[in-house]
Structures are given as structure tokens and as C-alpha cells.
Amino acid sequence: MEKIEEICNTISESYLNKAGINYKERIYYLKKLEMVILDQKVNIQNALFQDLRKSSFETDTTEIFTVLTEIRHCLRNLHHWVRHTAVLTPIPMIGTSSYIIPEPKGMVLIIAPWNYPFNLCISPLLSAIAAGNRVLIKPSEFCPLTAEIIKKIVNIVFPKDVVAVLNGDYSVAEALVKLPFHHIFYTGSSRVGKLIMAAAAENLTSITLELGGKSPCIIDVSFSIQLAAERIAFAKFINAGQTCIAPDFVLLPKAKIKQFIDCFNTVVDKMLGESKLQSKEYTGIINSKHFNRLHTLWSAACESEGYDYTLDSDASSLKIKPTCIQIEKWSNPIMNEEIFGPILPVIGYEDLQASIAVLNQFHRPLNLYIFSNNDSMINHILKQTRSGGVTINECLLNYCNNNLPFGGDGNSGLGKTHGKFGFDVFSHFRAVTKQSKLPSGLLFFYPPYTPLKNKIKDLLVKYF
Ligand code: NAD
């Protein structure tokens, strides 16, 4: 506990003495971070393989490439984002000028989960640095080797009074959120998100919550079932479905269920190849607790439908084959929680409108996937539903565009990140108004309130 306070004191003292980090330092650190990540690529791959059995291809694309593109996006655009922005002056305020200064929030805390353990530490870190903050990072305890490589990279790139990494179990995070940080950026489950929000309220610390949820796929009659199955299968294959925006379940025309499941299985078999579950290209489930949780969920789902199916899995490598399950009842227990693994419930509809009405009774999900070639149907679904983000006719892609905000809605999260949105989350927008040498307009509001002042005031109230 002493160590936590020691690290926080180092950062907070330097914040009080030196404020945030300036534009030149931010650019310098972002460039250095890019260079060191490239330099440490093999060590990052090895750590991710040992922690999650993640292939180097997936590590390169989903952990390294994603953060490098975001660093480069920041480097290209930061000079615009940091500018003081002049705003228009309303007529009654003539004689003044106003502008907005983006300032670092100060000392910020980043708490990350295990599913993309590198990306989900570094992506908020680079936004926090772009905005000029000092940062404390708490990586996930469930990926200890990745947590160590993150610490190593941070120690190479940043002085201790700019960024520090504190590793440890949940009790470390629990202690940290009680401290008066100027912002807490949390990625993880909704359950813990609520605890973080309650702890932050004690210090009136602002928060960003990047949470999860049940992201649905809706396939309309106009769309090729084969293409939808292929795209959904890939999104469920990647990281073994342990992705916050992984498709959680599929709604499709009842008559197409068999075709969908057949196509899904064919694509999965092709992706796994001859080595099947031993494939080095397929990620494992994080730990036996989650492996068992998924098996329990599968058994409950099968029991509820009266099936006697076994889940194809390998306990030694903690791998579970991406598998569909046809669901007749919305009340099936698998519909009660985010699956966060490679199981995919498939629900047939005859009346899409009725299914959308049921969908709207769920918490607002992080993402929604619409597969349709009919623009009016796409617009209809967009108008009738809510979610953090949407990808149409593919999966996951809205996450990848740094010009789009990423984040949930309601139970799936609070606040947005990526690119400029990430910069904004870690910035305080300070409003400045300057009175010119002209006499101040406020003179008019000084008493005594003469009949003339009253007339002018009435005109102001009516027209401005
Ligand atoms: P988790 O909430 O169990 O843990 C995440 C972090 O919270 C860890 O660093 C842990 O140490 C810390 N923590 C645990 N208990 C705490 C407490 N009481 N107080 C403070 N901190 C605490 O989440 P997880 O299982 O690691 O992650 C899975 C969830 O994260 C899923 O729901 C998934 O959808 C969501 N997720 C969301 C995003 C997103 O960007 N929206 C990304 C990845 C994962």
C-alpha cells in the first residue's frame, strides 16, 4: 500500500510543480512510444502468447497495429487539437472576445482488462499523453507477462514522474480508485464499472467507463446468409470471442437458420485447419475459471432448449471451438449475460419488428451489427434501436476508424475514446472571455435600474 502512495505522490508532486506536459514533450513521447513498441514487438508477441495463447498474427493486428495507427493519427492531428479555439461573440457581449483552451486534466488513472491487455493499456495512455497528462496505469493481473512488458516499455519511454505502471491484483485497483485522481479511465465489466463510479464519486473524479454487453447481429432477408455467416464467424473466431464488441447473438429469418449454421461451421473448420483446436492461430480462453463458466453457460443453454450437445473443447489448452446454438426462447439463460467467448446463440424470426421490440428490452449494447442490402431497412433498424456503435454489413470495423468515437451507451459504457475523442476525454476545455479596452457591457447592468435600462433589458429578453 505504501508503494501505491509513493508512486501517486511522485506523480502528483510533479503535477503540482510542473503542471502537465507541453506540446513538444507530448510529440517526443508519442514518437518514442511508437519506436519502442516496434522495437519490443517480439517480446509483446511472446507475452501475449503465454498469457492468452494469442498468435503473433493476431497480436500484430489487434494489439500492436491498432495502437500504432492511433499514435500516428495523434501525431498527424495533435497540432490541430491543442489549438486555442476562438468562438463567436454574441451581440450583447460586443467588446469582448472568447476562446477555449484544451488543458490536461492532470493526473489520470488507467485500469485495463485482460482481453486485449496491451492495446487497452496503451490506447488510453497515448490519448492521455496527447492531452498532456501524467498517468498511472494498472494493467490486468490476469495477463502477468503482458503487464511486465507494458511496465518495461513505459519505463523506457517515460520518466517516472510522467507515467508509472503499478502491477498487482484487483486490491491494488480498489485502493487506487479511492485516490483523488483528476480522471479515471476504466475498461472492463459493468459490475466493476459500478464500483469504480461509486469510488470516484467520493472525490468527484470524472470517469470514462468502457464496458461490455450483448452486441446483437441482425440479418435481413436481403443479405447473403453465407457472407453474413463468414463475417460473423471471423468476428467470433478472433480472440476466441473474448472481444467487447464480439457478436453476442444472431437474429435471422427462421427459414435460414440451418444454412447459417452450416456456413458458420464450414468457415470455422477452414480457419482452424487440420490441427483443429491445437491450431496455434486460435486463441485460448484466458483461464480455467472462464473456461468452466463458458461450459456451464453452454450446459444451461442446452438444458433450456432440451438439447444434449457437447461443446467441442480442449481443457489442456483451454480452447473452445466457435459454436452456434439455436435458441427458441429469449428466456434461455445464455441470453442473461454477455457471453464473452466463442459460443453464438442463433435466434430465428418471422416478424423482425417484434424481435426488435424484444431486443430493446435488453441493456443498450456496445455494438450492433446490421446485415442488409436494403437502405430503408437499415435506416429503420438504426432508428428503432440504440447501441454504442454500429457496423453495417461487416463486424468490428467501427472500432478501427480513429475518426469515429468508440464507447458504449448506458450499461455498455460512459464516454467515448479514440483519436480526437480520446484527446477530449483526457482534456479540460477551459473557457476564457477577455474584456477589450472598450467600456464593459456589464456597466449597463449596474443599478440604479432606470426606466431606459428597463426598456433595453426587455428588448434583450425578447430578442437575444
Ligand atoms: P474486470 O472488470 O474483472 O477487470 C478489469 C480491471 O479492473 C482489472 O485491472 C482489475 O484489476 C480491475 N478491478 C477488478 N476489481 C476491481 C475493483 N473492485 N475496483 C477497481 N478495479 C478493479 O473485467 P475483465 O473481466 O478483466 O474484462 C471483461 C469485460 O470488459 C467484459 O465485459 C468486456 O466486454 C469488457 N471490455 C470492454 C471493452 C471496451 O472497450 N468497452 C474492452 C475490453 C473489454
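Which side chain meets R430 in a salt bridge? The side chain of E103 meets R430, with 2.7 Å from N to O; a salt bridge here is a side-chain nitrogen of Lys or Arg within 4 Å of a carboxyl oxygen of Asp or Glu. R430 belongs to strand β17 (residues 427–435) and E103 to strand β2 (residues 96–104), so this pair ties together parts that are 327 residues apart in sequence. R430 is partly exposed at a relative accessible area of 44%, and E103 is also listed as partly exposed, at 22% relative accessibility. Buried stands for under 20% relative accessible area, exposed for over 50%, and partly exposed for what lies in between, with a 1.4 Å probe and protein chains only.

The model is predicted: local features need pLDDT of at least 70, side-chain atom pairs count only at pLDDT 80 or more, and totals for chains, interfaces and linings use all residues. Residues are numbered from 1 along each chain as its sequence is written, and side-chain values use heavy atoms, with hydrogens and water left out.

The chain has 16 helices and 17 strands. Helices (H or I, at least four residues) and strands (E, at least two) are DSSP runs, numbered from the N terminus. Along the principal axes, the C-alpha atoms fill a box of roughly 85 × 55 × 40 Å. Of the 464 residues, 52% count as buried. Among the contacts with a separation of 6 or more, 74% are accounted for by residues 24 or more positions apart, where contact means heavy atoms within 4.5 Å.

A search of the whole structure finds 14 salt bridges. One of them joins the side chains of E34 and R72, at 2.7 Å from N to O. E34 sits in helix α2 (residues 23–39) and R72 in helix α4 (residues 56–81), so the pair ties together parts that are 38 residues apart in sequence. E34 counts as buried at 17% relative accessibility, whereas R72 is partly exposed at 29%. Another salt bridge is found between the side chains of D262 and K258, also with 2.7 Å from N to O. These two residues are four apart in helix α10 (residues 257–272), which means that about one helical turn separates them. D262 is partly exposed at 37% relative accessibility, and K258 is exposed at 60%.

The next topic is how helices pack. Two packed helices are described by the angle between their axes and the distance between the axes. The axes are lines fitted to C-alpha atoms, for helices over the stretch in contact, and angles run from 0 to 180 degrees between N-to-C directions. Angles under 35 degrees count as roughly parallel, over 145 as roughly antiparallel, 65 to 115 as roughly perpendicular and the rest as oblique.

Helix α2 packs with helix α5 (residues 119–130) at an angle of about 155°, their axes being 9 Å apart. That angle makes α2 roughly antiparallel to α5. On the α2 side the contact is made by R26, Y29, L30, L33 and I37, and on the α5 side by I122, L125, L126, I129 and A130. By class, this contact has nine nonpolar residues, no polar ones and one charged. Ala, Val, Leu, Ile, Met, Phe, Trp, Tyr, Cys and Pro count as nonpolar, Asp, Glu, Lys and Arg as charged, and the others, Gly among them, as polar.

Helix α3 (residues 41–52) packs with α4 at about 110°, with axes 9 Å apart. The two are therefore roughly perpendicular to each other. K41, I44, Q45 and L48 of α3 meet S56, T59, D60, E63 and I64 of α4. The residues of this contact divide into three nonpolar, three polar and three charged.

Helix α12 (residues 352–359) and helix α13 (residues 375–384) pack at about 30°, and their axes are 11 Å apart. This makes α12 roughly parallel to α13. In α12, L352, Q353 and I356 meet M377, H380, I381 and Q384 of α13.

A last stop is A233, in helix α9 (residues 225–237). A233 counts as buried, at 0% relative accessibility. Leaving aside neighbours within four places in sequence, A233 is in contact with F264, V267 and V268. A233 and C324 are 91 residues apart in sequence and 9.6 Å apart in space, C-alpha to C-alpha.
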